[in-house]
Amino acid sequence: MLTGQTALVTGASRGIGAAIALKLASRGADIAIIYAGNSAAAEETAEKCAALGVTARCYKCNVADFAEAKATVAAVKADFGGVNILVNNAGINRDGLIAMMRESDFDDVISTNLKGAFNMIRHCTPMFIRAKGGCIINISSVAGVIGNAGQTNYAASKAGLLGLTKSVARELAPKNVRCNAIAPGFVQTDMTKEFDDSNPMVASIPLGRMGTPEDIAACAAFLADEGSYITGQTLCVDGGLAM
Ligand code: NAI
């Protein structure tokens, strides 16, 4: 159980992030919900977490902004006393073929998906070190593991997260801070609303179906609650797509 711990989950207003927030709350963790803009959806997630008997609060923050991330982590620390579990889930895609990809689409995806995770880890790490422990979970993607045509920017950001995960894991292991990545395959959320089980990409998934946000949340809860000897790893939660 995670009772007495605080989990900060970015992009937790909907999709995979909301499912992770709820799952960690079901294990007893208090939840800091970081959202980009949709306060109504964030409040809805907070209410569902609170209904499980934990404290949940919402914080509006663009994770790509170093100063904003710093102020948000400070606010969470003031409200909860610290952070024990950090889940870097916020992410965007701006897909396109490499020959036509706009520079801004490359920069935006790297800023949110990769620098956003760096920002949150950078600002939470002093707390983890003082607390003599912590758990970081970065939500990568199978695109970062095996690549994906039309997703050069996204795959680069998600592969970057894997290098970041391993380096942070090596650097902070002596401080009892673990850092792992989850690489989801195709998961039913707003990000993949054009996919359904009839899509040929979906037909190529060995387990024969898209994942659910709860499939990913179960892995995050495992890493946070039962993975005390696991660090620097990437767990593919993808129905067998990337094996
Ligand atoms: P989603 O689009 O439903 O949710 C993404 C969340 O991130 C939203 O709440 C959004 O507001 C937030 N966000 C975006 N930019 C932000 C910023 N600058 N600052 C703060 N929050 C920001 O997407 P979904 O599917 O739930 O994705 C969650 C994570 O899982 C992402 O990192 C995504 O890349 C990853 N993923 C998703 C897969 C899928 O098939 N849905 C597959 C592999 C990875």
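Me: What should I know about the model before reading it?
Reply: The model is predicted, with local features needing pLDDT of at least 70 and side-chain atom pairs pLDDT 80 or more, while totals for chains, interfaces and linings use all residues. Residues are numbered from 1 along each chain as its sequence is written, and side-chain values use heavy atoms, without hydrogens and water.

Me: How many residues surround the ligand, and which are the closest?
Reply: A residue is near a molecule if one of its heavy atoms lies within 4 Å of it. Here 27 residues surround the ligand, and Arg14, Asn89, Tyr154, Val187 and Thr189 are the closest.

Me: Which polar side-chain atom lies 2.6 Å from an oxygen atom of the ligand?
Reply: A polar contact is a pair of N or O atoms within 3.5 Å. The side-chain atom at 2.6 Å belongs to Arg14. Thr189 also places a polar side-chain atom 2.5 Å from a ligand oxygen, and Val187 has a polar backbone atom 2.7 Å from one.

Me: Where is Lys132, and is this residue buried or exposed?
Reply: Buried means under 20% relative accessible area, exposed over 50%, and partly exposed in between (1.4 Å probe, protein chains only). Lys132 is found in the loop between α4 (103-131) and β5 (134-139); helices (H or I, at least four residues) and strands (E, at least two) are DSSP runs, numbered from the N terminus. Lys132 counts as exposed because its relative accessibility is 65%. Its phi is near 60 degrees, a positive value in a residue other than glycine.

Definitions and conventions
Polar contact = N/O pair within 3.5 Å; in protein donor to acceptor, adjacent residues only side chain to side chain.
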